[in-house]
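Dear colleague,

I am handing over the structure below, together with some notes on what was found in it. Please read them with the coordinates open beside you.

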Amino acid sequence: MIHFIGAGPGAPDLITVRGQRLMAQADCVIYAGSLVNPQLLEGIKAGCRVLNSAAMTLEEVIDAMACEEAAGHDTVRLHTGDPSVYGAIREQMDRLDRLGIPYEVVPGVSSFCAAAAALGAEYTLPGVSQTVVITRMAGRTPVPQREGIASLAAHHATMVVFLSAGMLEGLSRELLAGGYEPDTPAALVYKASWPEERVVRCTVATLPQAGRENGIHKTALVLVGDFLGEEYERSLLYDPGFSHGFREAKKP
Ligand code: SAH
């Protein structure tokens, strides 16, 4: 069968235990070479066929999977981060359905989780934002008009912007047009969890300058919102005065 596996954000020990076990058993690994850390391939068994999907079309990927399946082999399709986020797995799963080839998905640590870890941040702070918007600027892949950055920015929720580090001028402009104050905190996280990871804190207005000065224009996430600021409310869950299913409130 085919195992779609989330490789995690980069550090080779951020793949799941399940993903690592399946990698070690695979007869063929097709990995997204543009972002998957090649160190993850060190654990594969001798004789395992390795293909880099960066140079392949969808049709070639599916042909390779079908060929391995016909030979009774196990194939791992290794995607960066978690495969459900900009992973282009739906089109592969639909073709496998048509060919009657079984598959499963093993989730991974998305880069947006690794970015929060790098920042020492919590995306969902009480009194600040309880919503995380995962989005991107339109590039060669269009974004539906109703999901434009400016309209999403109007919510003032936490925003995680993928695939847009090369468009920081436009991104900053759209965020401002959506109603963010120019001094709203923002950050760039380059190659979260890799040895070359870099964290740059800035504001919505200074995003383009921060990218330019630090030479960051790809493999980075843009984080925006007051979750990067100093103000928030403490959680009710751990408040002494709050009762819930597992704990009685303490008497004052
Ligand atoms: N499925 C992946 C995202 C793939 S899209 C995931 O869950 O993370 C590729 C984009 O993800 C990049 O352009 C960049 O915006 C982001 N990205 C992937 N790995 C990253 C990392 N280690 N640090 C920062 N951004 C990363």
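By the nitrogen-to-oxygen distance rule, the count comes to five salt bridges, and it should be kept in mind throughout that this is a predicted model. One of them joins Lys45 to Asp27, with 2.9 Å between the closest N and O atoms. This pair links distant parts of the chain, since Lys45 sits in the loop between strand S2 (28-31) and strand S3 (49-52), while Asp27 sits in the loop between helix H1 (17-25) and S2, 18 residues apart. The two partners fall into separate accessibility classes: Lys45 is partly exposed at 35% relative accessibility, whereas Asp27, at 19%, is buried, because the limit for burial is under 20%.

Another salt bridge is formed by Asp94 and Arg90, again with the closest N and O atoms 2.9 Å apart. Both residues belong to helix H3 (residues 90-99), and because they are four residues apart there, about one helical turn separates them. Asp94 is partly exposed, with a relative accessible area of 26%, and Arg90 is exposed, with 58%.

A further salt bridge connects Arg212 with Glu169, whose closest N and O atoms are 3.1 Å apart. Here too distant parts of the chain are linked, as Arg212 lies in helix H7 (residues 207-213) and Glu169 in helix H6, 43 residues apart. Arg212 counts as exposed at 58% relative accessibility, and Glu169 as partly exposed at 46%.

As for the chain as a whole, its secondary structure comes to seven helices and 10 strands, and its C-alpha atoms fill a box of roughly 65 × 50 × 35 Å along the principal axes. Of the 252 residues in the chain, 43% are buried.

The ligand is surrounded by 18 residues, and the closest are Val85, Ser110, Ser111, Ala192 and Ala220. Of the 540 Å² of accessible area that the ligand has on its own, the protein covers 94%.

On the surface, Tyr86, Val132, Ile134 and Leu163 form a nonpolar patch, and together they have about 330 Å² of accessible area. Val132, which is placed in strand S6 (residues 132-136), is partly exposed with a relative accessible area of 31%, and Val132 can therefore be part of a patch, for which over 30% is required.

The structure holds zero disulfides. Cys67 has the sulfur of Cys28 as its nearest cysteine sulfur, 8.6 Å away, and Cys67 therefore forms no disulfide, for which the sulfur atoms would have to be within 2.5 Å. Cys67 is partly exposed at a relative accessible area of 48%, and Cys113 also counts as partly exposed, at 37%.

Thr184 is buried, with a relative accessible area of 6%, and its side chain reaches the backbone oxygen of Glu181 at 2.7 Å.

Note on methods. Residues numbered from 1 in each chain as written. Predicted model: local features only at pLDDT ≥ 70, side-chain atom pairs only at ≥ 80, totals over all residues. Heavy atoms only, no water. Patch = residues over 30% accessible without salt bridge, like charges linked within 9 Å, V, L, I, M, F, W, Y side chains within 5 Å. Areas by Shrake-Rupley, 256 points an atom, 1.4 Å probe, with all protein chains shown as cover. Salt bridge = Lys/Arg side-chain N within 4 Å of Asp/Glu carboxyl O. Helix = DSSP H or I, 4+ residues; strand = E, 2+ residues; numbered from the N terminus. Buried < 20%, exposed > 50% of the residue type's maximum accessible area, 1.4 Å probe, protein only. Near = heavy atom within 4 Å. Polar contact = N/O pair within 3.5 Å; in protein donor to acceptor, adjacent residues only side chain to side chain.
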